[in-house]
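Subject: Handover of a structure, with notes

Dear colleague,

Please find below the structure that I am handing over to you.

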Amino acid sequence: MATVSNWIDHLSAEEVAGAIYPGAGSVEGMLVIIGIILWVGWHVLTARSESEELSRLAKKRHSANDHKSNITDW
Amino acid sequence: MTDQLGALTTIFTEFYYWVTVVLMFLIHVGFCMYEVGASRYKHHQHTLMKNTMLIPLVTVTWFFFGWWIYWAFPTGPGIAPSIMNESTALITDESAFSATWYTATSELMAVNLGDHISGVFWAAFLLFSWTAASIVSGAIIERITTFAFGILAIAIGSVFWTIDAAWGWHFDGWMLKILGYHDAYASGVIHAIAGGFALGVLMVLGPRIGKFSSSGEPRNIGPRNPWLVTVGLFLIYTGFWGFYAACNIPIFDLGPEYGMEGVTYWTATNIYVTPTTLSGITFNFLMSLSGGLLAGYWIAKGDPFWTYSSGLAGVICASAGNDLYHPIQAMIIGMIGVVIAYKLHYWVERKFKIDDAVGAVAVHGYAGFVGLVICGFVLNGYPSSGYSVGAMWDGTTYATINPLGQFLGAIIMFVVLGLIPGYIIAKVLNGMGKLRIPREVEIAGLDYEMMESAKEDEKAVSSATR
C-alpha cells in the first residue's frame with residue numbers, strides 16, 4: 001500500500017508524484033464504494049431507531065408539563 | 001514549488017484559507033448555542049443533536065458530490081458558454097478548473113504534494129454549506145424529525161446552494177454573464193436561498209403546538225435562555241469575519257489573468273476575481289453590522305433577541321456589494337434590510353400562520369433578498385467580472401451589474417433554488433410520514449425519555465453513600 005518508501009527518491013524524481021496517500025492510483029474507487037455503503041447504512045439504522053423511539057414515546061401520552069417533574073433538584 | 005516567492009504565495013494562500021475555516025467553525029458553534037437557547041427545556045438535547053449531526057451529513061456528501069457540482073454547473077448547463085472551453089455543457093473536460101479534478105476518486109481530493117489549495121478551498125465552501133443548512137435548522141426546531149432534517153440539510157447544503165454558487169458565485173457562472181449578477185459576500189447565494197428553503201419547509205411542516213390561538217393570533221414562544229442566544233449570536237458575528245475573508249482570494253496577479261500585456265497588479269480579489277481589499281471590506285462589515293443593530297434596537301423597541309438578530313441581518317443585507325460600497329452606504333443598506341425583514345416577519349406570521357421559531361426566514365431570507373435588489377441600484381453599471389464586459393442577455397460576455405439582473409437573481413435564489421425545492425422535499429417527506437414528530441412527543445418533549453432516565457440515574461447517585 002505504501003506509495004512512498006523513500007522520501008529522497010520520491011522528491012528527486014524527474015516528475016514528483018503529488019498523491020502520497022496509501023494506495024494512490026488504485027484504491028480510490030473502492031474507498032468511495034465503502035464510504036457510500038457506510039453512509040446509506042447509517043441513514044437506515046438511525047432512521048429506524050428514531051421511528052421506534054418516537055412511536056414508543058407517543059404511546060405514553062404525557063402532558064405538556066410532565067417534563068418538569070423529572071428536572072433534578074440538586 | 002521551486003522558487004521562494006511562488007512557495008510563499010502558495011503557502012500563504014493555503015494558510016489563509018485554513019484560518020478562515022477555523023474562524024468559520026464559530027458560526028456553527030454559535031448556531032448550536034443560539035438554537036438551544038431559543039428552544040424550550042424539554043427539547044434542548046434533540047435540538048442540539050439535530051444541528052450537530054448536520055456536520056457529518058453535509059461534510060460527507062460535500063466530499064462525494066457537492067464540490068463536484070460547484071465546478072461542473074457554472075454553465076447551467078446549457079445556458080451560457082464557459083470562458084474556459086466555450087461549451088455550454090457541464091464542465092467536466094480537462095481544463096484547469098474542471099469538475100473532473102474534484103470527484104471523490106480524484107487524487108486532488110487527498111494529500112497531494114502538487115496541490116496546496118484544493119483541500120482548504122473545499123473546506124471553506126463546506127463551512128458555507130453548514131451555514132446554509134444551519135439557517136434552516138433554526139426555523140424548524142421542536143417539531144421536525146432528525147431524519148427529515150438530515151435529508152433537508154443534505155439537499156440545501158450539498159445540492160441546491162452549490163448549484164446557486166456555480167451559477168452566481170463562480171467566475172464563470174452564467175448568472176454573471178447573462179444577468180450581471182453580483183453577490184460578493186453571499187446575500188443571496190447563502191442567505192436568501194437558505195431563508196427561502198426554510199420557508200418552503202415551514203409551509204408544509206406547520207407551526208409548533210400552541211403557537212397560534214384558536215382565533216389565529218400568534219403567541220410569543222420567546223427564547224428560553226437569552227444568554228445562550230446572546231453568546232451564540234456573538235459567535236456567529238465572529239465566524240462571519242472568517243466568512244468574509246474566505247470569500248476573497250488573498251493575493252492574485254490580475255495583469256496576466258485579464259490578459260493585460262506586461263501588466264502586473266497584485267491585489268486581493270473577491271470570489272469573482274475582481275479587485276477589492278480586506279481592509280475595505282472590514283470597514284463595510286462593521287458599518288453594516290452597526291446599521292443592523294441600530295435599526296433593530298429601534299424597530300424592536302430594545303428587544304435583545306431581535307436587536308442581535310438585526311445586527312446579523314444588517315451584514316447579510318449589505319453583503320452583496322460590501323466589496324465595493326462606501327461604509328456609510330453599507331450602514332444604510334443594513335438598516336433598510338432590517339426594517340423590511342422585521343416587518344415582513346410579523347406580517348407573514350399573522351397572514352400565513354408561519355411559525356419561524358428563530359426568525360431565520362426574515363434575517364437570512366428577506367434581508368438577503370432585499371440586499372441583492374439594493375445592490376443592483378447602488379452598483380448599477382459596475383462590471384460583474386474583469387474578463388469581458390458586455391450586455392445583458394448576451395451570454396458570451398459578462399453583463400454589468402444592474403437592478404433587473406439583481407432582482408431576477410434574488411428570485412432565482414429565494415424562490416427557484418430555495419422555496420420550491422424546500423417545499424417539494426418537505427411534501428415528499430410528509431407524504432412518507434417522516435417529516436413531523438408525533439403530537440404526543442411534541443407535547444411531552446423530545447427529551448422526555450432522556451430526562452426520565454437521567455432522573456433515575458441521579459436519584460441513585462444522590463442516595464449513594466460510597
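Chain A contains two helices and zero strands; helices (H or I, at least four residues) and strands (E, at least two) are DSSP runs, numbered from the N terminus. Of the 74 residues in chain A, 4% are buried. A residue is called buried if 20 or more other C-beta atoms lie within 10 Å of its own, exposed if 12 or fewer do, and partly exposed in between, with C-beta atoms placed from the backbone.

Please note that this is a predicted model, in which local features need pLDDT of at least 70, side-chain atom pairs count only at pLDDT 80 or more, and totals for chains, interfaces and linings use all residues. Residues are numbered from 1 along each chain as its sequence is written, while chains are lettered from A and ligands numbered from 1 in the order in which they are written.

Confidence

The model has an ipTM of 0.78 and a pTM of 0.94. For chain B the mean pLDDT is 95, and 100% of its residues reach 70 or more; pLDDT is the predictor's confidence in each residue, from 0 to 100.

The contact between the chains

Chain B contributes 30 residues to the contact and chain A contributes 25 residues, where two residues are in contact if their C-beta atoms, placed from the backbone, lie within 7 Å. On the side of chain B that touches chain A, the elements giving two or more residues are α4 (146-168), α14 (439-444) and α15 (448-462) of chain B. The largest share of that side, eight residues, comes from α15(B). By class, the side of chain B that touches chain A has 15 nonpolar, seven polar and eight charged residues. Here Ala, Val, Leu, Ile, Met, Phe, Trp, Tyr, Cys and Pro count as nonpolar, Asp, Glu, Lys and Arg as charged, and the others, Gly among them, as polar.

A pair of packed helices

Two packed helices are described by the angle between their axes and the distance between the axes. In chain B, helix α10 (residues 304-318) and helix α12 (residues 360-378) pack at an angle of about 35°, and their axes are 7 Å apart. Axes are lines fitted to C-alpha atoms, for helices over the stretch in contact, and angles run from 0 to 180 degrees between N-to-C directions. Among the residues making this contact are B:Leu312 and B:Ile316 of α10(B), together with B:Ala367 and B:Val370 of α12(B). By class, the contact of α10(B) with α12(B) has eight nonpolar, four polar and no charged residues.

The sheet of chain B

Three strands of chain B form an open sheet in the order β1-β2-β3, with antiparallel pairing; two strands pair if DSSP finds at least two bridges between them. β1 (249-253) and β3 (275-276) of chain B stand at the edges, each with a single partner strand, so one side of each is left without a neighbour in the sheet. β1(B) and β2(B) are paired over three bridges, and B:Asp253 has B:Trp266 in β2(B) as its bridge partner. Two bridges join strand β2 (residues 266-269) of chain B to β3(B); B:Ala268 has B:Thr276 as its bridge partner there. β2(B) and β3(B) form a hairpin with five residues between them, and B:Val273 in the turn has a positive phi of about 65°.

Individual residues

Most residues other than glycine have a negative phi, and most peptide bonds are trans. A cis peptide bond joins B:Gly76 and B:Pro77, with omega about 0°, and B:Pro77 lies in the loop between α2 and α3 of chain B. B:Glu86 is found in the loop between α2 and α3 of chain B and has a positive phi, near 60°. B:Glu86 counts as exposed because it has 8 C-beta neighbours inside 10 Å. B:Glu142, in the loop between α3 and α4 of chain B, also has a positive phi, of about 75°. B:Glu142 counts as buried because it has 24 C-beta neighbours inside 10 Å.

B:Lys42 is located in the loop between α1 (4-38) and α2 (44-72) of chain B. B:Lys42 is buried because 26 other C-beta atoms lie within 10 Å. The C-alpha atoms of B:Lys42 and B:Leu446 are 6.4 Å apart, although 404 residues separate the two along the chain.

Yours sincerely
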